[in-house]
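Welcome! Have the view open and take your time with each step.

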Amino acid sequence: MKVSFCIEHEPKAQKRHRFGKGFVYDPSRGEKQALRPLFSKHLGHFPSSEPVAVTLACYMPIRPSYTKKNKLLMQGEKYQHTNTPDWDNIAKFYMDCLPFNDKVIFKAEVGKYYSPRPRVEITIETKKRPS
């Protein structure tokens with residue numbers, strides 16, 4: 001089974017957990033809770049016991065401060081984004097929004113690119129276990 005969907009917003013990264021007096025606070029919690037209904041809508045009856053492969057294509061916004069030459073190169077959505085946020089923090093954020101436990105993910109592929117239209121394209125595919 002393969003499911004693909006797109007989230008039309010600037011890609012977000014998992015923020016570092018904060019430690020207080022006897023408790024741990026996740027500053028990304030509110031943003032994750034806002035996205036969970038969208039993930040549940042697309043992945044409502046997704047089998048969560050089979051191995052899962054995930055592909056994230058993160059399209060970051062083109063900043064106004066970039067040169068005209070770089071802006072032209074970035075229009076094609078193939079110019080790699082090599083600044084922060086890190087790819088692993090982006091993956092952690094979106095994997096925590098999944099309506100199933102992310103321990104079943106055996107393969108993850110993350111790409112970061114510049115685009116005039118910021119978004120995150122997510123593809124989740126189940127794989128059969130070898131017999």
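**Exercise 1.** Is Y114 buried or exposed?

*Solution.* Keep in mind that this is a predicted model. Start with the cut-off: a residue counts as buried when its relative accessible area is under 20%. Y114 has a relative accessible area of 3%, so Y114 is buried.

**Exercise 2.** Work out what kind of ring pair Y79 and Y114 form.

*Solution.* First, check that the rings pair at all: the centres must lie within 6.5 Å, and here they are 5.9 Å apart. Next, look at the planes. Under 30 degrees would be stacked and over 60 edge-to-face; the angle is 50°, so the pair is tilted. Then locate the two partners. Y79 is in the loop between α2 (68–74) and α3 (87–96), while Y114 belongs to strand β5 (residues 105–115). They are 35 residues apart, and the pair links distant parts of the chain. Finally, widen the view: ring pairs join Y66, Y79 and Y114 into a cluster, and the count of aromatic pairs comes to five.

**Exercise 3.** Step back and describe the overall layout of the chain.

*Solution.* Count the elements: there are three helices and six strands. Reading from the N terminus, they follow the order β-β-β-α-β-α-α-β-β. Four strands build an open sheet with the order β1-β6-β4-β5 and mixed pairing. At its edges are β1 and β5, each of which pairs on one side only.

**Exercise 4.** How many bridges join β1 to β6, and how many join β4 to β6?

*Solution.* Take β1 and β6 to begin with: six bridges join them, and they run antiparallel. One place to look is F5, whose bridge partner in β6 is I122. Move on to β4 and β6, which also run antiparallel and are joined by eight bridges. Here you can find A53 opposite E125 in β6.

**Exercise 5.** Find the helices that lie across the sheet strands, and see what they cover.

*Solution.* Begin with α1, which lies across β1 and β6 and runs at about 150° to β1. Continue with α3: this helix lies across β1, β4, β5 and β6, at about 120° to β4. V3, F5 and I7 make up the covered face, and K2, S4 and C6 the uncovered one. Last, list the buried residues of α3: I90, A91, F93, Y94 and M95. What covers them includes β1, α1, β4, β5 and β6.

**Exercise 6.** Which residues of the largest nonpolar core touch the most other members?

*Solution.* This core holds 25 residues, and the ones to pick out are F39, L43, L56, Y94, I122 and I124. Two or more core residues come from each of β1 (2–7), α1 (29–43), β4 (52–61), α3 and β6 (119–126). To see one member up close, select L56. Leaving aside residues up to four places away in sequence, L56 touches A91, Y94 and M95, V110 and I122, among others.

**Exercise 7.** Where does the charged end of R119 sit?

*Solution.* Find the ring of Y59 and look above its plane: the charged end of R119 sits over this ring, 4.0 Å from its centre.

How values were computed: Residues are numbered from 1 along each chain as its sequence is written. This is a predicted model: local features need pLDDT of at least 70, side-chain atom pairs count only at pLDDT 80 or more; totals for chains, interfaces and linings use all residues. Side-chain values use heavy atoms; hydrogens and water are left out. Rings of Phe, Tyr and Trp (its six-membered ring) pair if their centres lie within 6.5 Å; planes under 30 degrees apart count as stacked, over 60 as edge-to-face and the rest as tilted. Buried means under 20% relative accessible area, exposed over 50%, partly exposed in between (1.4 Å probe, protein chains only). A charge sits over a ring if NZ of Lys or CZ of Arg is within 6 Å of the ring centre and within 35 degrees of the ring normal. A nonpolar core is a set of buried Ala, Val, Leu, Ile, Met, Phe, Trp, Tyr and Cys residues joined through side-chain atoms within 4.5 Å. Contact means heavy atoms within 4.5 Å. Two strands pair if DSSP finds at least two bridges between them. Axes are lines fitted to C-alpha atoms, for helices over the stretch in contact, and angles run from 0 to 180 degrees between N-to-C directions.
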